[in-house]
Amino acid sequence: QVQLAESGGGLVQPGGSLRLSCAASGGTFNIHAIGWYRQAPGKQRELVARIRDFTTDYAEFVRGRFTASRDAAKNTVYLQMDGLNPEDTAIYYCYADITIPWQGRDDYWGQGTQVTVSS
């Protein structure tokens with residue numbers, strides 16, 4: 001069973017930085033895409049950044065502030081968040097599009113990590 005484990009959330013002041021990590025584990029699998037979504041209170045879950053092959057897609061509201069990167073050997077994705085503002089407060093979820101041999105392809109989600117930006 002594939003699992004995504006996030007870490008790195010917390011409380012930060014406006015203008016500060018945080019780095020999120022997400023490691024995929026659980027047997028043999030192939031990652032087609034991996035990245036981050038977020039959900040703020042009362043809002044729908046939205047894409048933050050997603051890495052597919054060698055391309056990274058960013059939401060317009062984080063472009064230039066957040067950087068997603070991947071360590072394929074460790075099945076890990078990172079999200080470096082700089083210039084945080086209160087509007088970035090949300091639960092951040094790791095996401096992966098994964099194929100497990102002989103089981104098929106599916107979307108997997110982490111449990112989420114809280115990011116709070118406040119003075």
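## The disulfide

In this predicted model, the torsion about the S-S bond of cysteine 22 and cysteine 94 is about -80 degrees, so the disulfide is left-handed. If the term is new to you, a disulfide is a covalent bond between the sulfur atoms of two cysteines. Here the S to S distance between cysteine 22 and cysteine 94 is 2.0 Å. A search of the whole structure turns up one disulfide.

Follow the chain and you will see that this pair links distant parts of it: cysteine 22 lies in strand E3 (residues 18-25) and cysteine 94 in strand E9 (residues 90-100), 72 residues apart. Are these cysteines buried or exposed? Cysteine 22 has a relative accessible area of 0%, so it counts as buried. Cysteine 94 is buried too, with a relative accessible area of 0%.

Now look at strand E7 (residues 66-71) and strand E8 (residues 76-81), which pair in the antiparallel sense over six bridges. Within this pairing, alanine 68 sits opposite leucine 79 in E8.

Together E7 and E8 make a hairpin, with four residues between them. In the turn you can find asparagine 75, whose phi is positive, about 50 degrees.

## Glycine 104

Glycine 104 belongs to strand E10 (residues 104-109). This glycine is partly exposed, with a relative accessible area of 33%. Leaving aside residues up to four places away in sequence, glycine 104 touches Ile98 and Thr99.

How far apart in space are glycine 104 and aspartate 88? They are 16 residues apart in sequence, and their C-alpha atoms are 34 Å apart.

Key:
Residues are numbered from 1 along each chain as its sequence is written. This is a predicted model: local features need pLDDT of at least 70, side-chain atom pairs count only at pLDDT 80 or more; totals for chains, interfaces and linings use all residues. Side-chain values use heavy atoms; hydrogens and water are left out. Two strands pair if DSSP finds at least two bridges between them. Helices (H or I, at least four residues) and strands (E, at least two) are DSSP runs, numbered from the N terminus. Buried means under 20% relative accessible area, exposed over 50%, partly exposed in between (1.4 Å probe, protein chains only). Contact means heavy atoms within 4.5 Å. A disulfide is a pair of cysteine sulfur atoms within 2.5 Å.
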